[in-house]
Amino acid sequence: MIEIKKNGSTIQSLQIGIGIIDVIVNNGKPMKFAEIQEKTKMTKSNLYKYMNTLTQLDLLIRESSTGLYHLGPKLIQYGTTAIGKQDVVEQITPYLQTISQQTKCSVLFAVGTTNGPVIAKIWSPDQILNIGAQIGTLLPPNSSSGKIFNVFYNNHITENWRVAAEPSMTDEDKEFHKIKEEKIAFAKEPLITSISSVSLPILSYSEELVGIIAVVGFTPDIPSAIGDETSQYLLKMQQAISKTFGYTNP
């Protein structure tokens, strides 16, 4: 059933149309009219009008031989255009500034490479802190960003970054399982004495790693557990940022 959020300033019919498209997207493969009706709980006559409109706009295509509906060329065009114009670092930067202002700490954005996470952007508060890194720095495996990379980076990576699969789960393996579940990693003074970090994965609609946001500061200012108020704030930001790349929390 399509969820409609009633609001005097929104168009309900548009919500229904997008909802129908979402049903097909979430199904993962083309659908028959009857299958769409079963999912949406709409009447045949009403659904037919929506399907006819969506196909006329090239948002959906109906195969005449099978009667199956699938995504149309207009949606592919929209998606390709959006991806082509997407500058990840530029898109992330306002969030780095917000997080830095909230935490009063330096905030990094690192992108994944076959050698590990590399810093692509740094945002520091007024009181600039020497965090021992600059743009282009490769972050080590024992940093919080390195841990996020090890857990969420899906491409082929070097042996130094692979975690050996042990029959008896090591402490490191347990931590990585926890990071995958909680989507947050902590590291106490991995590079410089008195400087610690906490990192979060930014995920795409396909749950691939877009990049890593790390908050770096003096150890007393950096949370070390998920229950910390700052950790909860960062997790909310992680969800909000990932949502801009199409990720939805499963």
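How many residues does α1 have, and how far does α1 reach from its first C-alpha to its last? I began my notes here: α1 has 16 residues and reaches 23 Å, close to the 22 Å expected at 1.5 Å a residue. The expected span is 1.5 Å times one less than the number of residues in the helix.

**Ground rules**

I am working from a predicted model, where local features need pLDDT of at least 70, side-chain atom pairs count only at pLDDT 80 or more, and totals for chains, interfaces and linings use all residues. I number residues from 1 along each chain as its sequence is written, and side-chain values use heavy atoms, with hydrogens and water left out.

**Overview**

I found eight helices and seven strands in the protein chain. These are DSSP runs, numbered from the N terminus: H or I of at least four residues for helices, E of at least two for strands. Of the 250 residues, 39% are buried. Buried means under 20% relative accessible area, exposed over 50%, and partly exposed in between, with a 1.4 Å probe and protein chains only. I also looked up contacts (heavy atoms within 4.5 Å). Among those between residues at least 6 apart in sequence, 52% join residues at least 24 apart.

**Back to α1**

I listed the buried residues of α1: Ile16, Gly17, Gly19, Ile20, Ile21, Val23 and Ile24. After the helix comes glycine 28, with a positive phi near 85°. Isoleucine 11 sits in the segment before α1 (12-27) and is exposed, with a relative accessible area of 55%.

**Helix α6**

How many residues of α6 are buried? I get nine of its nine, so I noted the helix as mostly covered, given the under 20% cut-off. Serine 144 belongs to this helix (residues 144-152) and has a relative accessible area of 0%. Leaving out residues up to four places away in sequence, I see serine 144 touching Ala185, Phe186, Ala187, Ser197, Val198 and Ser199.

**The salt bridge**

How many salt bridges does the structure hold? I found one, counting a side-chain nitrogen of Lys or Arg within 4 Å of a carboxyl oxygen of Asp or Glu. The side chains of lysine 147 and glutamate 175 form it, at 2.8 Å, N to O. Lysine 147 is in α6 and glutamate 175 in α7 (residues 171-182), so the pair ties together parts that are 28 residues apart in sequence. I checked cover too: lysine 147 is buried at 12% relative accessible area, while glutamate 175 is partly exposed at 30%.

**Cores**

Next I looked up nonpolar cores, sets of buried Ala, Val, Leu, Ile, Met, Phe, Trp, Tyr and Cys residues joined through side-chain atoms within 4.5 Å. The largest has 21 residues, and Ile92, Ile99, Ile213 and Val215 touch the most other members. Two or more residues each come from α5 (88-103), β3 (106-113), β6 (195-203), β7 (209-218) and α8 (229-244). I noted α8 as the giver of the largest share, five residues. Setting aside neighbours within four places in sequence, isoleucine 92 is in contact with Phe109, Ile202, Ile213, Ile241 and Phe245. Another core, of 19 residues, lies apart from this one, with Phe176, Ile179, Leu203 and Ile212 among its members. A friendly reminder to myself: in soluble globular proteins, nonpolar side chains tend to be buried together.
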